[in-house]
Amino acid sequence: MTEFLIQLAQIFLVVALAPLVTGWVRLVKARLQGRVGASALQPYRDLYRLLQQEAVVAHSASWLFRVAPYVTFSAVWLAAVLIPTFTTDLILAPAADLIALVALLGVARFWTALAGLDVGTAFGGLGASREMMIASLAEPAMLMVTFSLSLVSGSTAPSQIIAFVLSGSVGIEVSMGLALAALVIVAVAENGRIPIDNPSTHLELTMVHEAMVLEYSGRHLALMEAAGMVRLTLFLALIGGLFAPWGIAQAGAGWGEWRWGWEHSLPKALPWPRPWRCSRPGSPRCGCSAMPISWAARCCWGCWRRSSSTCRRRCDGSRADLL
Amino acid sequence: MLIAASLSALVLLSLLAVVAGGREITHRLVHAGCAAASLGLLIGGLTHLGTGPGGSPSIVLPLGLPWMAAHFRLDNLSALFMVVVDLAAVAASVYGIGYCRHLPEVRRVTPFFPLFLFGMNAVLLADDAFMFLVAWEFMSLASWLMVLADHKSAENRHAGMVYLVMAAFGTFCLLTSFGLMAGAGGAYTFTAMRQAELAAVPAFLVVLTAVLGAGSKAGLVPLHVWLPLAHPAAPSHVSALMSGVMTKVALYGLIRILFDLHGEVPWEWGAALMVIGGVSAVLGVLYALFQDDLKRLLAYSTVENVGVAVIGLGLGIAFKDAGEPALAALALVGGLYHIVNHSIFKTLLFFAAGAVISATGERRLSGLGGLLNRMPWTGTAALVGAGAISALPPLNGFVSEWLILQALFKGPGLPHWAMKFGVPVVGAMLALAGALAATCFVRAYGIVFLGRPRSLAAARADLHPTPASMRWTMAVLALLCILLGAIPVTVTDALSAVVQPMTGLHFAVSADLGWPWLSPVSSTRGSYSGTMLVMVGAVLFAVAVVLAHGLGTRGVRRADAWDCGHREDIPETQYTGQSFSQPLRRVFGTSIFLARETVEMPEPGERSPARLSVRMIDPVWVWLYDPISRAINFIADRVNRMQFLTVRGYLLMMFSTLVFMLLVVAWRQQP
C-alpha cells in the first residue's frame, strides 16, 4: 500500500513541480545575464494562460496534429514516472530501464516531429528535420552512456545503478566521469538548450524545437510546453540520481527518509546562485550583485576568444614569414 | 497432413491460374485459395510450436531423381519460420484479392504467386540438401518472374538481371556449402550432415559459403545490391513477401547451417557476423534515408533490419562458443524476435505503400503528401508500422532491439579481447541504426501522409477508395504490431522453446520477475514490461486528456495555418524528403556517399530559377560491383577470340588439353 502511495506521489509530483524547476532555471539564467527575471512561479501562470486560450488548428491538419500533444506529454510523463527521484523503491520502476527510458523520450520526439510536418509549413519541416538530426546523434550517445553505466554497475535499471553507487563499492571511475560528461551534453541537446538550441529564441530560422510547435496554440501548446518542462525535470533528476544519489531513499525507508530524499532530489541537480543572491529580489541592486559573475563569465569568454584569435593571427604571421 | 494438403493446393492453384488465366474472377479465386492454403500452413506451424520441443519424424517421398528420395521434416525452428512466412502469406493473399484489380500486368503475377509461397514453405520443410536447393530455386525463380511482371520498363529489366545474377551466385555458394558438408560420400540428408565431422578447412569454407549464399538472399551488405532494385519492381503484395519474408527464409538457411547442421562454429564467425550485421544496419538505414522512391526506401530499410537480426545471431554464436548458453539464448531470442517483428511491420508498410501507389499512381515522396486526411485507414495502419520499425515502445520493434541490446551489454564479458572491444562498437552501430531508422520513418511517414499534397494525384487520392480486403489486412497487421509489443513475455517463451535445441539449455527470459516482466539474466540486470507501459501509459494519456480539457478550453477552431505570417498556398513551400534529410546528408553523406551539393545562381537580372543539385554515388557499386563487371567483360572479350581460331589452333588446343590431363592423372597416380 505504501509503495503504491509513493508511486502515486511520484506520478503527480513530477508534473506538479516541473514548471517550478523550469521557472527556477529561467530565474537563474536571468540573474546570470544581469536581469531581474520573472518569478520562478511564472511557468504556472504561462501554462494556465495557455490552457484558457482557444486551440486553433489549421485546415490542412489531420487528426495526428490534435492527438500529438497528448501522446507527447504522456510519453514524457510516463518516462518521468519511472525514474527514481526521491526513492528507488517504485513499483513501476522495473517496467523500463534506461534503454526503455531513452525510447520513451523517442516516442515523444517522434510524435512532435510528425506534428511539425503535419500542417505542411516550411518552418515545421525545418524544425522536425533538425530535431531528428540532433536526436539521431544524441540517442546513440545516451545508449552508450547506458552501456558504460551497465559495465560499471552490472545493470541498466536506474534504481540498481543508484543502489550500486550508494553501496560505496564504486571508487573513482573514469568511465563514470565520461558518462556524466556525455549525459550532460545529451541533456543539453534533448532539452533544446544553448548551444544546441535556444529555447527563448524569437527568430524562426534559428529554431529547432520551437519550430515544430509553431502551429500549436491553446491547450495543445500548453501540453507541449509542459512536456518540455517535465523532460527537463526528468534529466535533472536522472543526472542527480545517477551521479550524486546521496540522500535518496531506498527500499524499506521511512517517511523521514522520503522527505529527506525529496528535499535533496532536485535541488542537488539545480543551479544554485546562492553566493550572489541578493537580499531584496527585484531591486536594481540585485542585477548589480549578479553583474560580477556575468562579467567574469564574459571575461573568460573574451579572453578565450582573444587568445584563440591571437593564436590564429600568429599562425598566419608565421606562414607569411615562411612565404 | 494439413501441411501436405496445403502445399499440394498451392501447386494446383498455380496450374489453375495458368489454365483459366485472364478473367478477373480467376485472379481473385487464386488469391483466395492461396490465403486458405497459407492459413492451413500457418495453423500447422502454430500447432507444432504449441506441442513443445522436438521435431516430427522425417517423411520420405519418392520425388526428384530416381535414386534419390525427398526428405521432409518439421521441427521447432522450421515451424517458427513457417508461422513467420505464412502469417505474411495469408495477409498478402487477402490483400492481393483487392490489390490485383489495380494491376495492369496481373496475368503475369497470378500463376507464380502460389509457386512462390510453395517454394518458401518447401525450403523450411526440406530435410535434405537436394530438396532444400530445389525449393530455394523455386522461391528465387518464381519471385524473379514476378519482378519481371512489368517487363516493359527498362529499369525493371535491369532489376531482373541483377536479381538473377545474385540469386545464381547465392545458390552456387549454398550448393558448395552443402556439397562440402555432404563430403565425398554424398550423404545429402540433413541427418547425415549433422553427424559428419569436418576438417578445419572444409569447416571454414562451409561457413563462408553459407554466409555468402544466405547473405546474398537476405541482403547483407555488400551483397544487398539486388534488393532495392528487385523488391520495388514487383507488385506491392509480392514486394511485401520478398522483403518481409523471403529474406527471413534466407536467414533460416543461415541458422539451419550454422546452428544445426554444422554445429560447432568458432567465435570468430560470430564476430564477423556481428560486424557484417552492424555495417548492414547502419548503411541500410543511411541508404533508406536518402531515397525518394517509397518502395526502394522500404527495401533499403530491410537491409537494416536483416543486419539487426544478424547481430543477434552473431552474438549468439560468440556466446555459445564461449560456453555461455544462457546469454547465447538471449541473443538468439532477440534475433528471432526481430525476424518475427520485421516480417510483420515490413509487410504492413509495403501494403501501405501499395495502397498509396494504387490510389495515386505515384511512388516518389516528392509527389505525395497529405494522405492521412484522404486515406485514414492506410495512414493510421502505416503510422503503427512506422512506429514499430522505429523501435518505439510499446510496439514490437522495440522489444527485439531491447533484447539484442541487453545481450550486447553483456558482450564485454566474453573472454576474447577482440570481442571485449568490438562489442561496444557494434552496440554503438546498433544504437545509431535505431536512431537513424526513427529519423528515416519520420521522414517517410511525414512526407507521404502528412502535410499538404504535393501533386494533383495525391490531392485526389480519396477518389480511389482502398478496397476492404486491403484495409482489413493492414488493420490486422497493425494490431499484431501492438499485440506482439504489449505481451512480449508470451512471445519470448515460445521463442526460447525454438532456441533450446540450438543452445542446449532451457532459457526463460522472464524467469525472475514472472509474467509481464521481461527480465533476462537476472531481476537486477534490467527489466522491461510492455504490458505495464501500455496500461500505465493509457491511464496517463487519459489523465492528460481530462486535465487539459478540465482546466482548459474544449473544442478547436479551424483556421488557416499561421506559418509565422508567411502563409502561401503553394505546396512547394513545404519541406520535401530531400530537404528533410539534408542535415544528415551533410553529416554522413559527404564521407560515405561522397554527396556534393552544387548551387547554380542566376546572374542578377536573369529570371531563371536558382538550382540546388546533389550528386551522390553508391559506394558498393562504384568500388565493388563495377570493377567486377568490368573484369568479367574484359575476360569475356579475351575468351571471345577463341571463337575465331584456325583449324590448326583448335587442334593444338585439344592436343595440349590432352597432355595436361595426362599429366594430372600421372601426378594423381603417384604413390
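Modeller: First, a definition: helices are DSSP runs of H or I with at least four residues, and strands are DSSP runs of E with at least two. The model discussed here is predicted.

Biologist: How much of residues 132-152 of chain A is helix?

Modeller: UniProt, in an unreviewed entry, gives 132-152 of chain A as one of its "transmembrane region" spans. The end C-alpha atoms of this span lie 30 Å apart.

Biologist: How far apart are the end C-alpha atoms of residues 63-83 of chain A?

Modeller: This span is also among those listed as "transmembrane region" in the unreviewed UniProt entry. It is 95% helix and 0% strand. Its end C-alpha atoms are separated by 31 Å.

Biologist: Where does the strand come in the pattern of chain A?

Modeller: Chain A has 11 helices and 1 strand. Read the pattern along the sequence: it opens with α-α.

Biologist: What percentage of the residues in chain A is buried?

Modeller: A residue counts as buried if 20 or more other C-beta atoms lie within 10 Å of its own. Chain A has 323 residues. The buried share is 51%.

Biologist: Which element gives the largest share of the side of chain A that touches chain B?

Modeller: In this interface, 67 residues of chain A contact 67 residues of chain B. Elements giving two or more residues to the chain A side include α3 (63-82), α4 (98-118) and α5 (122-153). By class, that side has 40 nonpolar, 18 polar and 9 charged residues. The largest share, 18 residues, comes from α5(A).

Biologist: Are α1(B) and α4(B) roughly parallel or roughly antiparallel?

Modeller: The axes of helix α1 (residues 2-19) of chain B and helix α4 (residues 112-125) of chain B come within 8 Å and cross at roughly 155 degrees. Angles over 145 count as roughly antiparallel. So the relation of α1(B) to α4(B) is roughly antiparallel.

Biologist: How many residues in the contact of α1(B) with α4(B) are nonpolar?

Modeller: Leu7(B) and Leu10(B) are among the residues of α1(B) in this contact, and Phe118(B) is one of those from α4(B). The contact has 2 polar residues and no charged ones. The nonpolar residues number 9.

Methods: Residues numbered from 1 in each chain as written. Chains lettered and ligands numbered in written order. Predicted model: local features only at pLDDT ≥ 70, side-chain atom pairs only at ≥ 80, totals over all residues. Axes fitted to C-alpha atoms, helices over the stretch in contact; angles between N-to-C directions. Parallel < 35°, antiparallel > 145°, perpendicular 65-115°, else oblique. Contact = placed C-beta atoms within 7 Å. Nonpolar A, V, L, I, M, F, W, Y, C, P; charged D, E, K, R; others polar. Buried ≥ 20, exposed ≤ 12 C-beta atoms within 10 Å, placed from the backbone. UniProt positions renumbered as here; feature names shortened; annotations may be inferred.
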